[in-house]
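Subject: Structure handover

Hello,

Here is the structure I promised to pass on. My notes follow below it.

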Amino acid sequence: MSKIASAFQDGKAFIAFITCGDPDLCTTAAAVHAAVENGADMIELGIPFSDPTAEGPVIQGANCRALKGGVTTDKIFDFVRELRRDVRVPMTFMTYANVVFSYGAERFASACRDIDIDGLVLPDLPFEEKEEFLSVCHQYGVDLISMIAPTSGNRIAMIAKEAEGFLYIVSGLGAMDTGDEDKARLSLSAVLARRHSNVPCAVGFGISTPQQAKEMADISDGVIVGSGIVELLEKYGRDAPEHIGRYVKKMKDAVCNPKK
């Protein structure tokens, strides 16, 4: 069984996304610790890329700041190796296919295994083209996380059947609109995914308030929050971890009580 499953075993999961190196790796480490200490069940670490096309302006800005600060993939691997001395929750990387390809897919997956990274999310990797990365991920025990987008439609069953770790359901672009139509679409996506897969479903992209988190937890197995955390890093810089801890606690409380 994937170690990622442990993030969902005690109920609804809260997954915190943090861009590595924004504003520096020391602050990233403090932010991760603050998130975990306040209830994060899994950490998704962003490896910065120069053209993060799947991201909104907040996380695009974090990518630019991190790259400008000199962060590299090798530095991030070393950083995670140190982080793993006392952070035991599952951790995944989120980055772009070109980052993995340029580094060398097998070398990248091998490094993930060595530093205890449990999964990999590549938002620009089409489902039909995943085989190039899937074989090396399997070789080194890393789950390649599948994504279900608003445009997936009749491909949901196909994607869900081959899912591992968890299914990442994309809420939509930009700020999350939790109107009835949007919630109905997301709920249908989760229902269809569960019909064809036993892995948990988590909703991400655009969720930033406790109310949104509560509503999304009601229709899924977990919630992924990135922009709300990254905004705190942008606003407070090296002083952000304290604020992130308080924010994560509020969001986790909302996720744990979705129907209240």
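Ala157 sits in helix H7 (residues 156–161). Helices are DSSP runs of H or I with at least four residues, strands are E runs of at least two, and both are numbered from the N terminus. Ala157 is partly exposed, at 23% relative accessible area. On this scale buried means under 20%, exposed means over 50%, and partly exposed lies in between, with a 1.4 Å probe and protein chains only. From Ala157 to Leu188 the C-alpha distance is 12 Å, across 31 residues of sequence.

Before you read on: this is a predicted model, where local features need pLDDT of at least 70, side-chain atom pairs count only at pLDDT 80 or more, and totals for chains, interfaces and linings use all residues. Residues are numbered from 1 along each chain as its sequence is written, and side-chain values use heavy atoms, with hydrogens and water left out.

The whole chain

The protein chain has 11 helices and eight strands. Along the principal axes, the C-alpha atoms fill a box of roughly 45 × 40 × 30 Å. Of the 260 residues, 57% are buried.

Contacts come next (heavy atoms within 4.5 Å). Among those between residues at least 6 apart in sequence, 72% join residues at least 24 apart. The chain exposes about 11,400 Å², and carbon and sulfur atoms supply 51% of that area. Accessible areas come from the Shrake-Rupley method with a 1.4 Å probe; for residues, only the protein chains shown count as cover.

Strands

Two strands pair if DSSP finds at least two bridges between them. Strand S7 (residues 201–204) is covered on both faces. Cys201 and Val203 are buried on one side, Ala202 and Gly204 on the other. S7 runs parallel to strand S6 (residues 167–170), joined by four bridges. In that pair, Leu167 stands opposite Cys201. S7 also pairs with strand S8 (residues 222–225), again in the parallel sense, over two bridges. Here Ala202 stands opposite Gly222.

Strand S5 (residues 143–148) has six of its six residues buried. One side holds Asp143, Ile145 and Met147; the other holds Leu144, Ser146 and Ile148. S5 pairs with S4 in the parallel sense over three bridges. Val121 is the residue opposite Ile145.

Helices

In helix H5 (residues 105–114), the buried residues include Ala105, Phe108 and Cys112. What do the buried residues of H5 pack against? Their partners are helix H3 (73–83), strand S3 (91–94), helix H4 (97–103), strand S4 (119–121) and helix H6 (131–139).

H3 holds Ile76. Ile76 counts as buried because its relative accessibility is 0%. Leaving out residues up to four places away in sequence, Ile76 touches Cys20, Ile47, Pro48, Val71 and Phe93. Gly21 is 55 residues from Ile76 in sequence, yet the two are 8.1 Å apart in space, C-alpha to C-alpha.

Helix H10 (residues 227–236) buries Gly228, Ile229, Val230, Leu232 and Leu233. Their cover includes strand S1 (13–19), helix H1 (25–37), helix H2 (57–68), S8 and helix H11 (240–256). Gly237 follows H10 and has a positive phi, near 60°.

Backbone points to look at

Where is the cis peptide bond with omega near 0°? It runs from Asp22 to Pro23. Pro23 is in the loop between S1 and H1.

Asp116 has a positive phi near 70° and is not a glycine. Asp116 lies in the loop between H5 and S4. Phe205, also not a glycine, has a positive phi of about 80°. The loop between S7 and helix H9 (210–218) contains Phe205. Is Phe205 buried or exposed? Phe205 is buried, because its relative accessible area is 17%.

Best wishes
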